[in-house]
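Hello,

Here is the structure I promised to pass on to you. Please open it first, then read my notes alongside it.

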Number of protein chains: 2
Amino acid sequence: MSEVAAQPLSAAAFASFGEVIETPGAVHYPINDGRCIRHHALAQVETLGADASALISIFVSQPVRLPYALSLVERHPLGSQAFMPLQDDPFLVIVAPDEGGAPGAPLAFLAAPGQGVNYRPGVWHGVLTPLAREGRFLVVDRGGAGANLEEFRYAAPWTVTG
Amino acid sequence: MSEVAAQPLSAAAFASFGEVIETPGAVHYPINDGRCIRHHALAQVETLGADASALISIFVSQPVRLPYALSLVERHPLGSQAFMPLQDDPFLVIVAPDEGGAPGAPLAFLAAPGQGVNYRPGVWHGVLTPLAREGRFLVVDRGGAGANLEEFRYAAPWTVTG
């Protein structure tokens, strides 16, 4: 069984898959007479195809433990999908590069408290994997007609370690 | 000075201004082999005008105390604006009906921990007013060209009580 070691989540390491939603390093400016700081445009919501719109949902996911056995990844060809934790808990982020329509070897990242992610359209990714306890996530993704889900199951599972 | 008593935030009371982002009462279904519940489409992101897109930002706001003196409200004619707290803290939500292009008497709501709001395009609202401590909010609103901010200052301030 092949192993994948999770690395810390950073904007640079994640850049080819999407955006890290976090305040450090972001463009920011004061609003509301200086009482509020806007950390601006941390992620772009993308919705492709006719009659598409962006939706806000909440996902509540059971936690996983490391080492984590990864078999299934998925992608959404018609829209981005953002996940922001509603508690200050870490979670595991798994992505894979596309290699001719199928995912290659996965990469794993440990999102620190305060970090979320936005997957660009078509980026292979694992399902939600909070680590500490049941996780609540605000999700921004695409609604509308069209086939926006592809799933892929690896022939042999990967073991993701912390 | 006129007083406004804040009432509990509920989907029914808020319906003419936008959506309450919360899981109770939402359409929900299992995903990820039953390990996750999707509370679906709690709010609709709206972006009007050409070359518009939806953005994800984080606002970090200083808190206010009740009673709160309200002078300024604003609205965004070209897009919805959603605020979801990233801590389980209450915050004050202030809106006003439009009366011929200017806001009428304001209404105030107390958002309980776990509740967020999405203002529909053109809805007059107060600035961010967390109550407990400095508040971090995930914000989903519109980016792009066009005049998307109108501000209005009441001739006499309103006193919002808890």
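**What I found**

In chain A, strand β6 (residues 53–61) and strand β16 (residues 135–143) run antiparallel and are joined by 9 bridges. Strands here are DSSP runs of E with at least two residues, numbered from the N terminus, and two strands pair if DSSP finds at least two bridges between them. As one example to look up, Ile56(A) has Val140(A) as its bridge partner in β16(A).

Before going further, a word on the source: this is a predicted model, in which local features need pLDDT of at least 70 and side-chain atom pairs count only at pLDDT 80 or more, while totals for chains, interfaces and linings use all residues. Residues are numbered from 1 along each chain as its sequence is written, chains are lettered from A and ligands numbered from 1 in the order in which they are written, and side-chain values use heavy atoms, with hydrogens and water left out.

Now back to the strands. The β6–β16 pair of chain A belongs to an open, antiparallel sheet of 7 strands, in the order β3(A)-β13(A)-β8(A)-β16(A)-β6(A)-β5(B)-β4(B). At its edges, pairing on one side only, are β3 (18–21) of chain A and β4 (28–31) of chain B.

How are the two chains related?

The contact (heavy atoms within 4.5 Å) takes 41 residues from chain B and 41 residues from chain A. Of the interface residues of chain B, 100% are also interface residues in chain A, so the copies meet through the same surface. The area buried between them is about 3400 Å², with 57% given by carbon and sulfur atoms; buried area is the accessible area (1.4 Å probe) that two parts lose on being put together, summed over both. Arg35(B), Ile56(B) and Ile58(B) supply 19% of the area that chain B buries against chain A, more than any other three residues.

Between the chains there are 2 salt bridges (a side-chain nitrogen of Lys or Arg within 4 Å of a carboxyl oxygen of Asp or Glu). Asp141(B) forms a salt bridge with Arg38(A), with the closest N and O atoms 2.9 Å apart.

Best wishes

Key: Helix = DSSP H or I, 4+ residues; strand = E, 2+ residues; numbered from the N terminus.
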